[in-house]
Each structure stands twice: as structure tokens, then as C-alpha cells.
Amino acid sequence: MERRTIGAAALEVGAVGLGCMPMSWAYSSSEQRGEESLRAAHLALDHGMTLLDTADMYGPFTNELLLGRVLRERRADAFLSTKCGLLVGDQHIVANGRPGYVKRACDASLRRLQTDSIDLYQLHRADPEVPVEETWGAMAELVSAGKVRALGLCAVGARADRRAGTRLYESTVRQLERVQQVFPVSSVQAELSVWSPEALETLLPWCEARGVGFLAAMPLGNGYLTGALTTGGGFEPDDVRARHPRFTAEMMAANQPIVAGLRRVARRHGNATPAQVALAWLLAQGRHVVPVPGAKKTYWVAENAGAPRVALTPGDVAEINALPSAVGSWD
């Protein structure tokens, strides 16, 4: 697979990564099977999808434990990314950016992941009660200690800025400017896809201007852009899409023109699929962009791995850019 470099440290990863969250959290639990997920992670590495992206909150903790079984055998093949800063309770999620907690969380992640170092340690969310510089300073000390190679920041969602009446991702850019004074930012992770392109406005240009890698989260629109979801099919109660306005039967039907447009482009590229075209569109946004589609089955991993081979023309990209905006709130 094509390789890309992110951050000032020129960290090298496969052009498409693997989001590991669906293996253990947020999506239909009845479809979460450990052995299948292990095969999916191994297949991703076989295809050169070296970036494995997880977080201590996924499960919580079970996703890191699962990946630890893969890394025990194939640590040299993987670029390991995990996150800290969020605690999961029974009915809520809270941020914790206290320096002491961050260091304990890193040590715990290292144990679960069965490794001596984390390639990219990301701050999942800044704690509003702790200056972000203090949290980032503690993370920088982990780099000095050899436990972490580089640091990344997960963006506050565009919807939060929309509610606050500010420019999209303005609060994230302010955070980035602050932590950059403490220790270099190697990557930013934020939602970016054909149906959620908001990061193109401010956040992606900020990264490009500074050589910061951009990890595109939810690049397939939580599965919608694959074209495989049945309109009105419903979701299990524990699936995050069961509570998202864009995944009501009405909104899924209303947004079908987006999938139809991806299919139209895919047909011009032989056996390409809508998902591969959606990922190829992201790869065309710049050499610093690395989409990280979530997958827990080998079928989807193999499909995603083929995306870099879909060479979109400028006309293809323009056609995708001109697709209708997504209908329905994402809040």
C-alpha cells in the first residue's frame, strides 16, 4: 500500500488506516466477535494498513486488550495509535485531563496493548477544568520517557461550534495553537467524509500549512457511504446510529443521492465500490490526509484496502464535490 508521512517527525503509515472501535464499542454488540476482529486486524496489517487506531474508552478497555493480542505477535508491523482523556461511566462520559491521570492512563494502556511504546498518543478531549497546556505537558513528558513517540489531538466536533455560534472547528484551532507552544502536534483527528466535509473549511488548511497529519475519522459516514445499509432497517439499541438524526428511515432515504453519486463514479472505475470512492476522495484532499475507516470484519478491511488503487480524475473529484449536501441534523 502507498505510504504517507504525518507530522514534523515524518511518521510513516499506510495511506488508509484501521479504526478499531467497532470491534468492541458503539456499534451493534451482537455483531462483535473477537476472533473475527482479530482476523480483521491481521488482514489490515497484511495489506499495509499499518495505522491501528484505538482508545482506552472503547469498551471501555476491551478494545485495547483485543489489539494487545495482535500486537504481541506483530508489533513491528503496526503503527499504534491510542487515546486518553475520557472516562466512561454507566450513563455518561467525562473528560479527565489531570497530569497524574494522563500518566497512569498511559501506563495502563501500555499494559493492555502488550507493548513498551505507543507510536501516537492522542488527547481524546480537553478537560474544561484543566488548562490544556498542563494536560499536553504531561503527555510530552511521556515522549521524553520513551513511552510515546508523538502526540495528536482529537478535534471538538463541528456541531459544538455550530451550537456556540462560532466558526466551525474554531475551538479546536484555538486548542491547537495553545498546545503547539508546549510540544509539537503531529496529528489531528476529526470527522471528515463526503457527507460531513466541514473540516475542509478551517481545520484541514490549518494542518496542511503546518505539516500536521490529518486522520479522517468516520470517513464512510458511520457506514452510510458504503451503500450497504438498508433504509428503514433499524439498528440495535446499543448502536450509536439508533440515536443519530441522520439515520432515521426518512433521512437515510433523503440522502440516497449521495450514495448514488458515489456509485456513479465507482462504475467508471471498473470493480470499485462506493466505499472505495469515498475513501479515494479523502486521499485526494492532500498527502497529509489518512482516512481511518472503522471495521470489524475481514470483508470490509479488504474492501477499504483497495481504495488507494482507485485513481480519481479531477473530474471525478469535482463531481463528488458537487453532490448534494447531506440532509438532516448531525447533532
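Eight strands line up in an open, parallel sheet, in the order β3-β4-β5-β8-β9-β10-β11-β12. Strands here are DSSP runs of E with at least two residues, helices are runs of H or I with at least four residues, and both are numbered from the N terminus; two strands pair if DSSP finds at least two bridges between them. The model is a predicted one, in which local features need pLDDT of at least 70 and side-chain atom pairs count only at pLDDT 80 or more, whereas totals for chains, interfaces and linings use all residues. Residues are numbered from 1 along each chain as its sequence is written, and side-chain values use heavy atoms, with hydrogens and water left out.

At the edges of the sheet stand β3 (18–19) and β12 (289–291); each has a single partner strand, so one side of each lacks a neighbour in the sheet. For β3 that partner is β4 (residues 51–53), which runs parallel and is joined to β3 by two bridges. Leu-18 has Leu-52 of β4 as its bridge partner.

On to the helices. Helix α3 (residues 99–113) lies across β5 (79–84), β8 (118–123) and β9 (148–154), and runs at about 135° to β8. Axes are lines fitted to C-alpha atoms, for helices over the stretch in contact, and angles run from 0 to 180 degrees between N-to-C directions. The axes of α6 (residues 170–180) and α7 (residues 203–210) come within 10 Å and cross at roughly 25°. That makes the two helices roughly parallel, a label for angles under 35 degrees. Contact (heavy atoms within 4.5 Å) is made by Thr-172, Val-173, Leu-176, Glu-177 and Gln-180 on the α6 side and by Leu-203, Trp-206 and Arg-210 on the α7 side.

Helix α1 (residues 34–46) holds Ser-37. This serine is buried, at 1% relative accessibility; buried means under 20% relative accessible area, with a 1.4 Å probe and protein chains only. Neighbours within four places in sequence aside, Ser-37 touches Met-23, Leu-66 and Lys-296.

As for the cysteines, there are zero disulfides in the structure. A disulfide is a covalent bond between the sulfur atoms of two cysteines, counted here as a pair of cysteine sulfur atoms within 2.5 Å. The sulfur of Cys-84 has its closest cysteine sulfur in Cys-106, 7.7 Å away, and that is too far for a bond. Cys-84 is buried, at a relative accessible area of 0%, and Cys-106 also counts as buried, at 0% relative accessibility.

Note on methods:
Buried means under 20% relative accessible area, exposed over 50%, partly exposed in between (1.4 Å probe, protein chains only). Angles under 35 degrees count as roughly parallel, over 145 as roughly antiparallel, 65 to 115 as roughly perpendicular and the rest as oblique.
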